[in-house]
Amino acid sequence: MSVSPKTAKLLLLSSSKACDSAYLAPCIDAIVQHCDTRRILFIPYAGVGMPYSDYTAKVQQALAPAGIDVVGIESFNDPRQAVADAQAIMVGGGNTFHLLHQLYQHQLIAPIQNAVNSGIPYVGWSAGSNIAGLSIRTTNDMPIIEPPSFAALQLVPFQLNPHYSDYQPPGFHGETRDQRLGEFMALAPQTPVIGIPEGTALQLENGRLTYQTTAFSQNSPGYLFLGGHKQAISPGTDCSQWLSR
């Protein structure tokens, strides 16, 4: 199912923290402004090693001072109906493979697409942003579980790489992020990948996609990987051209 960029309202955050910030501190203002509602459905399926209710409680605690009522999807008997009734949808970070596996298991791919197509705001960070792209083939995570497909929500027609950094610690001989994304480009040279560093985001509203930074990201550029080339994206750049590919 294709999602229309004219009706979709997306906030795709790289991370829940930046530098030494408190949990969700870089994101709170953007979430409040983007969702324009005080009740948000939270999907904690990327959390592994903790009960979903604990993950939801952590997000509730972080957003409560902003007057946001966070309700976890795990508290509903019918997750699909919860999505259909949502005023806004928020998907947290964790393991992308586990998150996508759970979305398939609960048959939530189409309901989330339908909600976004109808104009329901969507917020994701880390894994929650990764699944907004075409597939999860450019995630950073270990494949601890095998979802039925790598195909993701396809809310945007490109790949995402949250937590983007090409830092290589001294003495480390594994692949850098650029090398891994280079391997993806070698196999899919026509598919754009947008790398978003900590504290940055992509926002789609009224058919316009922009790259945004916060005070926590110190105007860090994002990066477009396409056709074997890497190109910097400056803060405030209109990236809408990548919505029509």
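Helices and strands here are DSSP runs, numbered from the N terminus. In this predicted model, the loop between β2 (39-43) and α2 (52-63) contains Val-48. Val-48 has a relative accessibility of 47% and counts as partly exposed, because that class lies between the 20% limit for buried and the 50% limit for exposed. Together with Met-142 and Ile-144, Val-48 makes a nonpolar surface patch of about 310 Å².

The aromatic residues can be taken next. Across the whole structure, a search finds 6 aromatic pairs. Phe-97 and Phe-150 form one that is edge-to-face, with 5.9 Å centre to centre and 75° between the planes. This pair links distant parts of the chain: Phe-97 belongs to helix α4 (residues 96-105), while Phe-150 lies in the loop between α6 (127-130) and β6 (159-162), and the two are 53 residues apart. Phe-97 is buried, at a relative accessible area of 7%, whereas Phe-150 is partly exposed, at 40% relative accessibility. Elsewhere, Phe-42, Tyr-55 and Trp-125 form one aromatic cluster.

Strand β9 (residues 208-213) holds Thr-210. With a relative accessible area of 9%, Thr-210 is buried, since buried means under 20%. Leaving aside residues up to four places away in sequence, Thr-210 touches Ala-201, Leu-202 and Gln-203, as well as Thr-237, Asp-238 and Cys-239. The side chain of Thr-210 also makes a polar contact with the side chain of Gln-212, at 3.1 Å.

Key. Residues are numbered from 1 along each chain as its sequence is written. This is a predicted model: local features need pLDDT of at least 70, side-chain atom pairs count only at pLDDT 80 or more; totals for chains, interfaces and linings use all residues. Side-chain values use heavy atoms; hydrogens and water are left out. Helices (H or I, at least four residues) and strands (E, at least two) are DSSP runs, numbered from the N terminus. Buried means under 20% relative accessible area, exposed over 50%, partly exposed in between (1.4 Å probe, protein chains only). A polar contact is a pair of N or O atoms within 3.5 Å; within protein, one must be able to donate a hydrogen and the other to accept it, and residues adjacent in sequence count only if both atoms are side-chain atoms. Contact means heavy atoms within 4.5 Å. Patches are made of residues with over 30% relative accessible area and no salt bridge: like charges are joined within 9 Å, nonpolar side chains (Val, Leu, Ile, Met, Phe, Trp, Tyr) within 5 Å. Accessible areas come from the Shrake-Rupley method with a 1.4 Å probe; for residues, only the protein chains shown count as cover. A salt bridge is a side-chain nitrogen of Lys or Arg within 4 Å of a carboxyl oxygen of Asp or Glu. Rings of Phe, Tyr and Trp (its six-membered ring) pair if their centres lie within 6.5 Å; planes under 30 degrees apart count as stacked, over 60 as edge-to-face and the rest as tilted.
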